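Reader: I have a chain on my screen and a few minutes. Can you walk me through it?

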Amino acid sequence: MNFIAWLIVACEISFWIFIIAGLIARYIFNRKTAGLFLLAMIPIVDLVLIVVTSIDIYRGAEITLAHSIAPIYLAVSLVYGKTMINWADERFLYYVKQEGPKPIRRIGMDFAKHSMKGSLQHVLAYIIGGTLLLFMIFYIGDSSKTEILWATLRLWGIIVLIDNAISITYFIWPRKK
């Protein structure tokens, strides 16, 4: 596994460490400002990943799947970040602090709408990450070196289509209790 792949793993671990530490600071130690600071570190981790990936490519590294995942990671984190933090926040309050309402299990049209919202967020992440991938492709300018980037973009596009198709089915066959 190359350096960039390890960096992606480290960033994913850091993402969850900052979320958990932020929630603990906010709700266990009642340090709202410290909690907000820790949660605000999440985009910094993503920024470090994309900068290091860009420098690696600029220095002439062989482009790997890990390089193509970095823009996806950044885009997904930007688009889903607040949603994931809210999800963790809600569950932390209920299951750890035993405060607040129990997280609801969505059913029927509510679940379908929620799923479609997530799928549309996926489209937005694809637009952002895809733009970054295209920028990388055109910056490098050598089709023999960028095939993995194109392949990643195509595969991700198929995944986004499948995600949206699944969400549409929930409107036809709503999730039951």
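Author: One term to begin with: contact means heavy atoms within 4.5 Å. Also, this is a predicted model.

Reader: Fine. Among contacts between residues at least 6 apart in sequence, what share joins residues at least 24 apart?

Author: The share is 72%.

Reader: What is the chain built from, how many helices and how many strands?

Author: Five helices and zero strands. Read from the N terminus, the order of elements is α-α-α-α-α.

Reader: And the overall dimensions? What box do the C-alpha atoms fill?

Author: Roughly 55 × 45 × 25 Å, along the principal axes.

Reader: What percentage of the residues count as buried?

Author: The chain has 177 residues, and 36% of them count as buried.

Reader: Charges next. How many positive and negative side chains are there?

Author: There are 17 positive and 11 negative side chains. The centres of the two sets are 13 Å apart.

Reader: Where is the kink in α5 centred?

Author: On L149, and the kink is about 25°. L149 is also one of the buried residues of α5.

Reader: Which others in α5 are buried?

Author: Besides L149, the buried set has T146, T152, L153, W156, G157, V160, N164 and S167.

Reader: What do those buried residues pack against?

Author: Two helices: α3, residues 65–96, and α4, residues 108–140.

Reader: Give me a detail. Why does T146 count as buried?

Author: Its relative accessible area is 1%, and buried means under 20%.

Reader: Which residues does T146 touch?

Author: I137 and I140, leaving aside neighbours within four places in sequence. T146 itself sits in α5.

Reader: Now the α3 side. Is I72 buried or exposed?

Author: I72 belongs to α3. It is buried, because its relative accessible area is 17% and the cut-off is under 20%.

Reader: What does I72 touch?

Author: T152 and W156, not counting residues up to four places away in sequence. T152 and W156 are both among the buried residues of α5.

Reader: How far is I72 from G22 in space?

Author: C-alpha to C-alpha, I72 and G22 are 24 Å apart. In sequence they are 50 residues apart.

Reader: Switching to loops. Which loop holds N30?

Author: The loop between α1, residues 3–27, and α2, residues 32–58. N30 has a phi near 50°, a positive value in a residue other than glycine.

Reader: Why does N30 count as exposed?

Author: Its relative accessibility is 55%, and exposed means over 50%.

Reader: What about Q98, where does that lie?

Author: In the loop between α3 and α4. Q98 is not a glycine, but its phi is positive, about 55°.

Reader: Buried or exposed, that Q98?

Author: Q98 counts as exposed, because its relative accessibility is 67%.

Definitions and conventions
Residues numbered from 1 in each chain as written. Predicted model: local features only at pLDDT ≥ 70, side-chain atom pairs only at ≥ 80, totals over all residues. Heavy atoms only, no water. Bend = angle between axes of the 7 residues up to and from the residue. Helix = DSSP H or I, 4+ residues; strand = E, 2+ residues; numbered from the N terminus. Buried < 20%, exposed > 50% of the residue type's maximum accessible area, 1.4 Å probe, protein only. Lys, Arg positive; Asp, Glu negative; His and termini not counted. Charge placed at Lys NZ, Arg CZ, Asp CG, Glu CD.
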